[in-house]
Amino acid sequence: MPLSRRTTLTQFLIEERRRFPDASGDFNALILDVALACKAIARSVAFGELGGVLGGHAAAEGGAVNVQGETQQKLDVLSNEVFIRMNEWGGHLAGMASEEMAAPRQIPAQYPRGKYLLVFDPLDGSSNIDVNVSVGSVFSVLRAPHDAIEQGRDVSEADFLQPGSQQVAAGYALYGPTTMLILTVGNGVNGFTLDPNLGEFMLTHPGLRVPAETQEFAINASNSRFWETPVKRYVDECLAGKTGPRGKDFNMRWIASMVAEAHRILMRGGVFMYPRDTKDPGKPGRLRLLYEANPIAMVMEQAGGRASTGREPMLGVVPTALHQRIGLVFGSRSEVERIERYHAEPQPCKDPANPLFAERSLFRAA
Ligand code: AFP
(Lines give C-alpha, C1' and ligand atoms only; values in the text may rest on other atoms or scores of the structure.)
Protein backbone atom coordinates (compact mmCIF):
# COMPACT_ATOMS: atom_id res chain seq x y z
CA MET A 1 0.00 0.00 0.00
CA PRO A 2 1.55 3.39 -0.93
CA LEU A 3 2.58 5.52 2.03
CA SER A 4 0.10 8.20 0.98
CA ARG A 5 -2.75 5.72 1.55
CA ARG A 6 -1.65 4.67 5.01
CA THR A 7 -3.15 6.15 8.19
CA THR A 8 -0.80 7.75 10.69
CA LEU A 9 -1.25 7.37 14.45
CA THR A 10 -2.35 11.01 14.57
CA GLN A 11 -5.02 10.47 11.92
CA PHE A 12 -6.18 7.31 13.69
CA LEU A 13 -6.58 9.11 17.01
CA ILE A 14 -8.48 12.00 15.43
CA GLU A 15 -10.84 9.56 13.72
CA GLU A 16 -11.28 7.63 16.99
CA ARG A 17 -11.95 10.92 18.82
CA ARG A 18 -14.91 11.62 16.51
CA ARG A 19 -16.73 9.00 18.58
CA PHE A 20 -16.62 11.55 21.44
CA PRO A 21 -17.65 14.92 19.94
CA ASP A 22 -17.08 16.78 23.19
CA ALA A 23 -13.57 15.37 23.65
CA SER A 24 -11.02 18.05 24.44
CA GLY A 25 -8.14 16.45 22.58
CA ASP A 26 -6.16 16.00 25.81
CA PHE A 27 -6.34 12.21 25.53
CA ASN A 28 -5.03 12.17 21.96
CA ALA A 29 -2.23 14.55 22.83
CA LEU A 30 -1.25 12.30 25.74
CA ILE A 31 -1.12 9.20 23.54
CA LEU A 32 1.02 11.11 21.02
CA ASP A 33 3.41 12.16 23.81
CA VAL A 34 3.69 8.51 24.88
CA ALA A 35 4.33 7.52 21.25
CA LEU A 36 7.05 10.17 21.01
CA ALA A 37 8.73 8.73 24.10
CA CYS A 38 8.64 5.28 22.49
CA LYS A 39 10.21 6.67 19.30
CA ALA A 40 13.04 8.22 21.32
CA ILE A 41 13.63 4.95 23.19
CA ALA A 42 13.52 3.01 19.91
CA ARG A 43 16.33 5.22 18.61
CA SER A 44 18.47 4.61 21.70
CA VAL A 45 17.85 0.87 21.54
CA ALA A 46 18.77 0.84 17.83
CA PHE A 47 22.12 2.53 18.46
CA GLY A 48 22.99 0.16 21.33
CA GLU A 49 26.66 0.31 22.20
CA LEU A 50 27.20 3.00 19.57
CA GLY A 51 25.19 5.19 21.92
CA GLY A 52 26.91 3.78 24.98
CA VAL A 53 23.60 2.58 26.42
CA LEU A 54 24.33 -1.10 26.96
CA GLY A 55 25.19 -2.61 30.29
CA GLY A 56 24.40 -1.88 33.88
CA HIS A 57 23.77 1.59 35.28
CA ALA A 58 27.01 2.34 37.08
CA ALA A 59 25.62 4.60 39.77
CA ALA A 60 27.96 6.11 42.35
CA GLU A 61 27.75 3.12 44.61
CA GLY A 62 28.67 0.78 41.78
CA GLY A 63 25.56 -0.40 39.98
CA ALA A 64 22.11 0.88 40.77
CA VAL A 65 19.24 -1.21 42.02
CA ASN A 66 15.65 -0.14 41.44
CA VAL A 67 12.73 -0.29 43.84
CA GLN A 68 12.20 -3.89 42.72
CA GLY A 69 15.65 -4.81 44.00
CA GLU A 70 16.74 -5.46 40.41
CA THR A 71 19.95 -4.16 38.85
CA GLN A 72 19.14 -1.18 36.68
CA GLN A 73 20.45 -1.19 33.14
CA LYS A 74 21.54 2.12 31.64
CA LEU A 75 18.61 1.87 29.23
CA ASP A 76 16.17 1.36 32.12
CA VAL A 77 17.22 4.69 33.59
CA LEU A 78 17.40 6.47 30.23
CA SER A 79 14.00 5.16 29.14
CA ASN A 80 12.44 6.24 32.40
CA GLU A 81 13.87 9.73 31.95
CA VAL A 82 12.53 9.87 28.39
CA PHE A 83 9.01 8.95 29.51
CA ILE A 84 9.11 11.62 32.21
CA ARG A 85 10.50 14.41 30.00
CA MET A 86 8.14 13.70 27.08
CA ASN A 87 5.03 13.53 29.26
CA GLU A 88 5.42 15.89 32.21
CA TRP A 89 5.06 19.23 30.31
CA GLY A 90 1.93 18.65 28.18
CA GLY A 91 -0.71 19.47 30.80
CA HIS A 92 -2.55 16.15 30.32
CA LEU A 93 -1.32 14.37 33.46
CA ALA A 94 -2.03 14.69 37.16
CA GLY A 95 0.95 12.41 37.82
CA MET A 96 2.99 9.41 36.72
CA ALA A 97 4.24 6.14 38.20
CA SER A 98 6.95 3.83 36.89
CA GLU A 99 8.64 0.53 37.62
CA GLU A 100 11.85 2.52 38.03
CA MET A 101 10.58 4.97 40.67
CA ALA A 102 9.63 4.05 44.25
CA ALA A 103 7.01 6.80 44.59
CA PRO A 104 4.67 8.50 42.12
CA ARG A 105 6.22 11.31 40.06
CA GLN A 106 4.64 14.71 40.59
CA ILE A 107 4.13 17.12 37.69
CA PRO A 108 6.57 20.02 38.28
CA ALA A 109 5.01 23.31 39.39
CA GLN A 110 5.98 25.07 36.14
CA TYR A 111 3.70 22.78 34.12
CA PRO A 112 -0.13 22.57 34.11
CA ARG A 113 -1.72 19.42 35.51
CA GLY A 114 -4.33 17.36 33.69
CA LYS A 115 -6.91 14.64 34.23
CA TYR A 116 -4.97 11.45 33.50
CA LEU A 117 -2.48 9.22 35.28
CA LEU A 118 0.27 7.52 33.26
CA VAL A 119 1.76 4.27 34.60
CA PHE A 120 4.59 2.59 32.75
CA ASP A 121 7.40 0.08 32.62
CA PRO A 122 9.79 2.13 30.50
CA LEU A 123 11.86 -0.83 29.42
CA ASP A 124 10.58 -4.37 29.83
CA GLY A 125 12.98 -7.22 29.18
CA SER A 126 16.10 -5.44 30.39
CA SER A 127 17.98 -8.71 30.75
CA ASN A 128 17.82 -8.96 26.94
CA ILE A 129 19.37 -5.58 26.12
CA ASP A 130 23.00 -6.69 26.04
CA VAL A 131 22.20 -9.78 23.97
CA ASN A 132 20.24 -7.82 21.34
CA VAL A 133 16.90 -9.53 21.91
CA SER A 134 13.65 -7.56 21.57
CA VAL A 135 12.63 -5.37 24.49
CA GLY A 136 9.69 -3.04 24.92
CA SER A 137 7.87 -0.33 26.87
CA VAL A 138 4.47 -0.94 28.48
CA PHE A 139 2.04 1.83 29.40
CA SER A 140 -1.37 2.27 31.01
CA VAL A 141 -3.60 5.37 31.21
CA LEU A 142 -6.03 5.88 34.10
CA ARG A 143 -8.27 8.80 35.00
CA ALA A 144 -7.07 10.79 38.01
CA PRO A 145 -9.54 11.08 40.92
CA HIS A 146 -11.89 14.10 40.59
CA ASP A 147 -10.45 15.89 43.60
CA ALA A 148 -6.91 15.58 42.22
CA ILE A 149 -8.11 17.19 38.98
CA GLU A 150 -10.18 19.91 40.66
CA GLN A 151 -7.55 20.83 43.23
CA GLY A 152 -4.53 20.23 41.02
CA ARG A 153 -3.04 18.53 44.07
CA ASP A 154 -0.03 16.21 44.21
CA VAL A 155 -0.96 12.62 43.48
CA SER A 156 -0.62 9.85 46.04
CA GLU A 157 0.00 6.14 45.65
CA ALA A 158 -3.68 5.54 46.46
CA ASP A 159 -4.74 7.48 43.33
CA PHE A 160 -3.12 4.76 41.18
CA LEU A 161 -4.67 1.78 42.98
CA GLN A 162 -7.48 1.34 40.46
CA PRO A 163 -8.50 -2.03 38.95
CA GLY A 164 -7.38 -2.63 35.37
CA SER A 165 -10.99 -2.29 34.21
CA GLN A 166 -10.61 1.45 34.89
CA GLN A 167 -7.87 1.89 32.26
CA VAL A 168 -8.89 4.26 29.44
CA ALA A 169 -5.95 3.24 27.25
CA ALA A 170 -3.08 0.78 27.32
CA GLY A 171 -0.46 -0.65 25.04
CA TYR A 172 3.14 -1.39 24.40
CA ALA A 173 5.98 -0.50 22.10
CA LEU A 174 8.09 -3.40 20.84
CA TYR A 175 11.69 -2.59 19.88
CA GLY A 176 12.30 -5.55 17.62
CA PRO A 177 13.35 -6.00 13.98
CA THR A 178 10.76 -3.28 13.45
CA THR A 179 9.49 -0.88 16.09
CA MET A 180 5.77 -1.31 16.65
CA LEU A 181 3.20 0.38 18.83
CA ILE A 182 0.22 -1.71 19.90
CA LEU A 183 -2.59 0.44 21.29
CA THR A 184 -6.08 0.06 22.68
CA VAL A 185 -8.24 3.06 23.59
CA GLY A 186 -11.12 0.79 24.58
CA ASN A 187 -12.36 0.11 21.06
CA GLY A 188 -10.33 -2.90 19.92
CA VAL A 189 -6.58 -3.20 19.36
CA ASN A 190 -4.59 -1.62 16.54
CA GLY A 191 -0.93 -2.01 15.55
CA PHE A 192 1.31 0.71 14.16
CA THR A 193 4.74 0.28 12.56
CA LEU A 194 7.34 3.02 12.89
CA ASP A 195 8.42 4.29 9.48
CA PRO A 196 12.13 4.98 10.07
CA ASN A 197 12.24 7.50 7.22
CA LEU A 198 9.22 9.53 8.31
CA GLY A 199 9.49 8.95 12.06
CA GLU A 200 5.74 8.29 12.04
CA PHE A 201 3.80 5.34 13.42
CA MET A 202 1.72 4.07 10.49
CA LEU A 203 -1.40 1.91 10.96
CA THR A 204 -0.37 -1.51 9.64
CA HIS A 205 -2.37 -3.96 11.79
CA PRO A 206 -5.94 -2.69 12.22
CA GLY A 207 -8.38 -4.65 14.38
CA LEU A 208 -6.00 -7.22 15.85
CA ARG A 209 -7.61 -10.36 17.35
CA VAL A 210 -5.98 -13.10 19.43
CA PRO A 211 -6.60 -16.49 17.73
CA ALA A 212 -8.86 -18.49 20.09
CA GLU A 213 -7.01 -21.76 19.60
CA THR A 214 -3.28 -22.38 19.81
CA GLN A 215 -0.58 -25.00 20.10
CA GLU A 216 2.07 -22.77 21.68
CA PHE A 217 2.72 -21.97 25.35
CA ALA A 218 5.31 -19.79 27.05
CA ILE A 219 6.62 -20.36 30.56
CA ASN A 220 10.03 -20.31 32.27
CA ALA A 221 10.39 -24.07 32.73
CA SER A 222 13.34 -23.66 35.10
CA ASN A 223 10.78 -22.73 37.76
CA SER A 224 8.81 -25.96 37.34
CA ARG A 225 9.59 -27.31 40.80
CA PHE A 226 7.94 -24.21 42.29
CA TRP A 227 4.71 -24.36 40.26
CA GLU A 228 1.34 -24.99 41.80
CA THR A 229 -0.49 -28.18 40.83
CA PRO A 230 -2.87 -26.66 38.22
CA VAL A 231 0.07 -25.14 36.31
CA LYS A 232 2.04 -28.39 36.46
CA ARG A 233 -1.01 -30.23 35.15
CA TYR A 234 -1.51 -27.79 32.27
CA VAL A 235 2.15 -27.87 31.20
CA ASP A 236 2.39 -31.67 31.57
CA GLU A 237 -0.62 -32.06 29.30
CA CYS A 238 0.94 -29.77 26.71
CA LEU A 239 4.21 -31.76 26.87
CA ALA A 240 2.32 -35.06 26.56
CA GLY A 241 1.12 -33.76 23.19
CA LYS A 242 -0.69 -36.20 20.90
CA THR A 243 -0.15 -39.02 23.40
CA GLY A 244 -1.90 -37.12 26.20
CA PRO A 245 -5.32 -35.64 26.99
CA ARG A 246 -4.85 -32.68 24.65
CA GLY A 247 -4.48 -34.96 21.63
CA LYS A 248 -2.17 -32.52 19.84
CA ASP A 249 1.48 -31.50 20.05
CA PHE A 250 2.52 -28.12 21.47
CA ASN A 251 5.48 -25.79 20.95
CA MET A 252 7.16 -24.03 23.87
CA ARG A 253 8.64 -20.53 23.72
CA TRP A 254 10.34 -18.32 26.36
CA ILE A 255 11.91 -14.99 25.32
CA ALA A 256 12.11 -13.49 28.84
CA SER A 257 10.65 -10.30 27.40
CA MET A 258 6.94 -10.20 28.17
CA VAL A 259 6.25 -7.61 25.48
CA ALA A 260 7.74 -9.85 22.80
CA GLU A 261 5.73 -12.82 24.08
CA ALA A 262 2.55 -10.72 24.15
CA HIS A 263 3.12 -9.62 20.58
CA ARG A 264 3.68 -13.18 19.33
CA ILE A 265 0.47 -14.22 21.05
CA LEU A 266 -1.45 -11.26 19.61
CA MET A 267 -0.23 -12.18 16.13
CA ARG A 268 -0.57 -15.99 16.14
CA GLY A 269 -2.15 -17.07 19.40
CA GLY A 270 -0.62 -18.82 22.39
CA VAL A 271 -0.60 -18.61 26.16
CA PHE A 272 1.89 -16.90 28.49
CA MET A 273 2.27 -17.98 32.08
CA TYR A 274 4.29 -16.36 34.83
CA PRO A 275 2.18 -17.84 37.61
CA ARG A 276 2.31 -17.36 41.32
CA ASP A 277 4.76 -19.98 42.57
CA THR A 278 6.54 -21.02 45.74
CA LYS A 279 9.99 -19.81 44.62
CA ASP A 280 9.89 -16.69 46.79
CA PRO A 281 6.99 -16.64 49.26
CA GLY A 282 7.52 -12.88 49.59
CA LYS A 283 6.72 -12.43 45.89
CA PRO A 284 3.20 -13.53 44.83
CA GLY A 285 4.41 -13.48 41.20
CA ARG A 286 7.20 -11.96 39.14
CA LEU A 287 5.29 -9.41 37.07
CA ARG A 288 3.92 -6.13 38.34
CA LEU A 289 0.18 -5.57 38.35
CA LEU A 290 -0.17 -1.88 37.52
CA TYR A 291 2.32 -1.40 34.68
CA GLU A 292 2.82 -4.89 33.24
CA ALA A 293 -0.14 -7.19 33.91
CA ASN A 294 -2.95 -4.65 33.62
CA PRO A 295 -1.97 -2.97 30.34
CA ILE A 296 -1.27 -6.31 28.67
CA ALA A 297 -4.54 -7.63 30.09
CA MET A 298 -6.50 -4.75 28.55
CA VAL A 299 -4.84 -5.36 25.16
CA MET A 300 -5.54 -9.09 25.30
CA GLU A 301 -9.17 -8.73 26.41
CA GLN A 302 -9.82 -5.99 23.84
CA ALA A 303 -8.44 -8.36 21.17
CA GLY A 304 -10.75 -11.21 22.23
CA GLY A 305 -8.16 -13.01 24.35
CA ARG A 306 -8.18 -13.37 28.12
CA ALA A 307 -5.93 -12.36 31.01
CA SER A 308 -6.10 -13.85 34.48
CA THR A 309 -4.28 -14.44 37.73
CA GLY A 310 -5.13 -18.11 37.10
CA ARG A 311 -7.92 -17.74 39.63
CA GLU A 312 -9.69 -14.53 38.58
CA PRO A 313 -9.81 -12.04 35.69
CA MET A 314 -6.79 -9.74 35.87
CA LEU A 315 -8.79 -6.57 35.13
CA GLY A 316 -10.93 -7.10 38.23
CA VAL A 317 -8.05 -7.22 40.72
CA VAL A 318 -8.06 -4.24 43.09
CA PRO A 319 -4.43 -3.20 43.62
CA THR A 320 -3.10 -2.81 47.17
CA ALA A 321 0.33 -1.35 46.36
CA LEU A 322 1.97 0.58 43.51
CA HIS A 323 4.61 -2.09 42.79
CA GLN A 324 2.46 -5.07 43.66
CA ARG A 325 3.46 -8.30 41.93
CA ILE A 326 0.95 -10.86 40.69
CA GLY A 327 0.73 -14.20 38.91
CA LEU A 328 -0.12 -13.63 35.25
CA VAL A 329 -1.65 -15.86 32.59
CA PHE A 330 -2.80 -14.40 29.26
CA GLY A 331 -3.45 -15.28 25.64
CA SER A 332 -5.84 -17.43 23.62
CA ARG A 333 -9.13 -17.44 25.49
CA SER A 334 -9.75 -21.21 25.44
CA GLU A 335 -6.32 -21.94 26.94
CA VAL A 336 -6.57 -19.34 29.69
CA GLU A 337 -10.06 -20.58 30.56
CA ARG A 338 -8.69 -24.14 30.76
CA ILE A 339 -5.97 -23.01 33.18
CA GLU A 340 -8.60 -21.21 35.29
CA ARG A 341 -10.71 -24.40 35.35
CA TYR A 342 -7.72 -26.37 36.62
CA HIS A 343 -7.23 -23.82 39.39
CA ALA A 344 -10.93 -23.99 40.31
CA GLU A 345 -11.01 -27.79 40.63
CA PRO A 346 -10.42 -29.27 44.11
CA GLN A 347 -6.68 -29.84 44.46
CA PRO A 348 -5.40 -33.25 45.63
CA CYS A 349 -4.23 -32.97 49.22
CA LYS A 350 -0.45 -33.28 49.44
CA ASP A 351 -0.25 -36.13 51.96
CA PRO A 352 3.37 -37.29 51.73
CA ALA A 353 2.46 -40.29 53.88
CA ASN A 354 0.06 -41.46 51.19
CA PRO A 355 1.71 -42.03 47.77
CA LEU A 356 -1.76 -42.08 46.22
CA PHE A 357 -1.86 -38.29 46.60
CA ALA A 358 1.76 -37.71 45.67
CA GLU A 359 2.09 -35.00 43.03
CA ARG A 360 3.14 -36.34 39.64
CA SER A 361 4.76 -34.25 36.96
CA LEU A 362 6.97 -34.75 33.94
CA PHE A 363 9.16 -32.11 35.61
CA ARG A 364 10.56 -34.24 38.38
CA ALA A 365 10.99 -32.31 41.64
CA ALA A 366 14.65 -31.75 42.39
P1 AFP B 1 13.38 -7.66 33.19
O2 AFP B 1 12.79 -6.40 32.64
O3 AFP B 1 13.97 -7.50 34.56
O4 AFP B 1 14.29 -8.36 32.23
O5 AFP B 1 12.15 -8.66 33.44
C6 AFP B 1 11.41 -9.01 32.32
C7 AFP B 1 10.16 -9.65 32.86
O8 AFP B 1 9.54 -8.80 33.76
C9 AFP B 1 9.21 -10.04 31.73
O10 AFP B 1 9.31 -9.21 30.62
C11 AFP B 1 9.64 -11.44 31.39
O12 AFP B 1 8.60 -12.22 30.86
C13 AFP B 1 10.10 -11.99 32.73
O14 AFP B 1 10.51 -10.86 33.51
C15 AFP B 1 11.27 -12.90 32.56
O16 AFP B 1 11.54 -13.44 33.85
P17 AFP B 1 12.68 -14.58 33.98
O18 AFP B 1 13.99 -13.84 33.76
O19 AFP B 1 12.51 -15.10 35.37
O20 AFP B 1 12.43 -15.60 32.92
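A218 stands opposite F272 in β11. The model is predicted: local features need pLDDT of at least 70, side-chain atom pairs count only at pLDDT 80 or more, and totals for chains, interfaces and linings use all residues. Residues are numbered from 1 along each chain as its sequence is written, and side-chain values use heavy atoms, with hydrogens and water left out.

**Overall**

- The protein has nine helices and 15 strands; these are DSSP runs numbered from the N terminus, with helices being H or I of at least four residues and strands being E of at least two.
- A compact globule of 366 residues would have a radius of gyration near 21 Å, and the protein agrees, with 21 Å. The radius is taken over C-alpha atoms, and the globule rule is 2.2 Å times the number of residues to the power 0.38.
- The C-alpha trace spans about 70 × 50 × 45 Å along its principal axes.

**The sheet**

- Five strands form an open sheet with mixed pairing, in the order β10-β9-β11-β15-β13. Two strands pair if DSSP finds at least two bridges between them.
- β10 (251-253) and β13 (306-308) are at the edges with a single partner strand each, so one side of each has no neighbour in the sheet.
- From one strand to the next, the twist averages 15°.
- Strands β9 (residues 216-218) and β11 (residues 271-274) run parallel and are joined by two bridges.
- Helix α6 (residues 229-240) packs on the sheet, where it touches β9 and β11, and its direction makes about 140° with that of β9. Axes are lines fitted to C-alpha atoms, for helices over the stretch in contact, and angles between N-to-C directions run from 0 to 180 degrees. Contact means heavy atoms within 4.5 Å.

**Helices α2 and α3**

- The axes of α2 (residues 26-47) and α3 (residues 74-87) come within 9 Å and cross at roughly 150°.
- α2 is therefore roughly antiparallel to α3 (angles under 35 degrees count as roughly parallel, over 145 as roughly antiparallel, 65 to 115 as roughly perpendicular and the rest as oblique).
- Residues of α2 including L30, V34 and I41 meet residues of α3 including L75, V82 and F83.
- The residues of this contact divide into 13 nonpolar, three polar and one charged. Ala, Val, Leu, Ile, Met, Phe, Trp, Tyr, Cys and Pro count as nonpolar, Asp, Glu, Lys and Arg as charged, and the others, Gly among them, as polar.

**Helices α7 and α8**

- The axes of α7 (residues 258-268) and α8 (residues 289-302) cross at roughly 10° and come within 11 Å, which means that α7 is roughly parallel to α8.
- M258, A262, I265 and L266 in α7 meet E292, I296, V299 and M300 in α8.
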